[in-house]
Amino acid sequence: ITPPVAVCQNASVLLNASGTASLTPAQINNESSDNCSINNLVLSKSVFTCIDLGQSTTTLTVTDIAGNTATCQATVSVGFLNPPTPLCQNISVNLDAVGTATIGVNQIFNGSTDVCLTVVPQSVLPNAFNCSNIGTNTVTLNAIDAVGNTSTCQATVNVSDILPPVMSCQNITVNLNASGNATITPAQINNNSTDNCAINNLNVLPNTFNCANIGNNTVVLTATDESGNTATCSAIVAVADNLPPTATCQNISIDLDLTGNASITPAQINNVSTDNCAISNLSVLPNAFTCANIGNNTVTLTVTDTSGNTATCQTNVFVVFTAQTDELCQNITVFLSPSGSAMILPSDVFIGSTDDCGGISPISVFPNSFTCSNIGDNVVTLTVNDILSNTSSCQANVVIADNLPPLVQCQDI
């Protein structure tokens, strides 16, 4: 009837990954004894779970072969050494206006599969990103459980730049070249446009201009950043033509009319003057001439293009007066002298100049001597010259007449 002597010893167990652990009576029994023999050992609590973490009590019941029992208690230290199992999730982040982005642990932490302890995310690295990180980046999350076990997991952070460039345009003025063309570059229109990362390309359209574009033209500058984001701004390109025409003159000769006047047009002086665009007006001065201008005269041709640019050239206008010789001669009648001869002078058949310039003088007439054999009509040629010593001639009819009676002489016989 004597019960056994139950002797216990404390024990420690570690929960497995499923959150359970078990003890056998032998682990608690510390050489319990009986006067005869022990038949059975039983623990009141042999299975432990997460709720038992820390200190737990179990009772060992010792039964001998006579059915006598005795008990003792032991303390079981329940522990959990399995590292936490944090769950990571992939995320995407966008860079801000200054090209940076940061992430927190809660963005990556997606819970845990731990069955016992609460897992707390502690840190994630890297957690700061800039333009050089655009694309996929691997980050590591560090987590800890309630008893200090640590573990990590990894995730992918996809860094993007979705912000377009910040555009700034400036108006410019360009001058057409000698061919009437001008081109511009994006750099001329760009006025320090910016991007949170970097501008990869600038393009401006239209970028070529000609004479048809003189004045204000709207152009569009397009900026594309390294992520393909685009933005535009507009500017005014004032196209100007500041090149003067190329004036080319040619010498000409003109004849005064019978009134002693003549005029010229710019087209007579122009010798294919050119401009990079178009000539709008030609003028020449002086353009009117009189007898006072006979000879060489300097004139100036002024060429004006469609933009108001001007150029000049000078040349000579040789003014000529040609006498109308058919009006210079007159017919006359000449009587033979008593000797049967007659002489005429150039002035005898010169009727005088009928033009407004004058200056025509008779210089010779041929024939100018006549005898009885010439009685009747005789054609003579008068030669005259003008103030420039130009000579011309006309013809007149000289009628030779004898109006003297014979001289009768008588002799006595």
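**Figure 1. The largest nonpolar core of the predicted model comprises 39 residues.** Within this core, the residues with the most contacts are Ile264, Ile269, Val317 and Val398. At least two core residues come from each of the strands S21 (252-255), S25 (295-305), S26 (310-320), S27 (332-335), S31 (376-385) and S32 (391-401).

**Figure 2. Contacts of Val317, one of the core residues with the most contacts.** Neighbours within four places in sequence are left aside in this view.

**Figure 3. Strand S20 (residues 230-240) pairs with strand S15 and with strand S19.** Strand S15 (residues 172-175) runs parallel to S20, and four bridges join the two. Asn175 has Ala240 of S20 as its bridge partner. The pairing of S20 with strand S19 (residues 215-225) is antiparallel and extends over ten bridges. Here Thr224 is bridged to Thr230 in S20. S19 and S20 form a hairpin, with four residues between the two strands. In the turn, Gly228 has a positive phi of about 85 degrees.

**Figure 4. A cis peptide bond joins Leu205 to Pro206.** The omega angle of this bond is near -10 degrees. Pro206 is placed in the loop that links strand S17 (199-205) with strand S18 (208-210).

**Figure 5. A cis peptide bond joins Leu285 to Pro286.** Omega is near -10 degrees for this bond. The loop that holds Pro286 lies between strand S23 (279-285) and strand S24 (288-290).

**Figure 6. Asn192 is a residue other than glycine with a positive phi.** The phi value of Asn192 is near 65 degrees. Asn192 belongs to the loop between helix H3 (186-189) and S17. Because its relative accessibility is 65%, Asn192 counts as exposed.

**Figure 7. Val272 is a residue other than glycine with a positive phi.** For Val272, phi is near 65 degrees. The loop between helix H4 (266-269) and S23 contains this residue. Val272 has a relative accessibility of 63% and therefore counts as exposed.

Conventions. Residues numbered from 1 in each chain as written. Predicted model: local features only at pLDDT ≥ 70, side-chain atom pairs only at ≥ 80, totals over all residues. Heavy atoms only, no water. Buried < 20%, exposed > 50% of the residue type's maximum accessible area, 1.4 Å probe, protein only. Pairing = 2+ DSSP bridges. Core = buried A, V, L, I, M, F, W, Y, C linked by side-chain atoms within 4.5 Å. Contact = heavy atoms within 4.5 Å.
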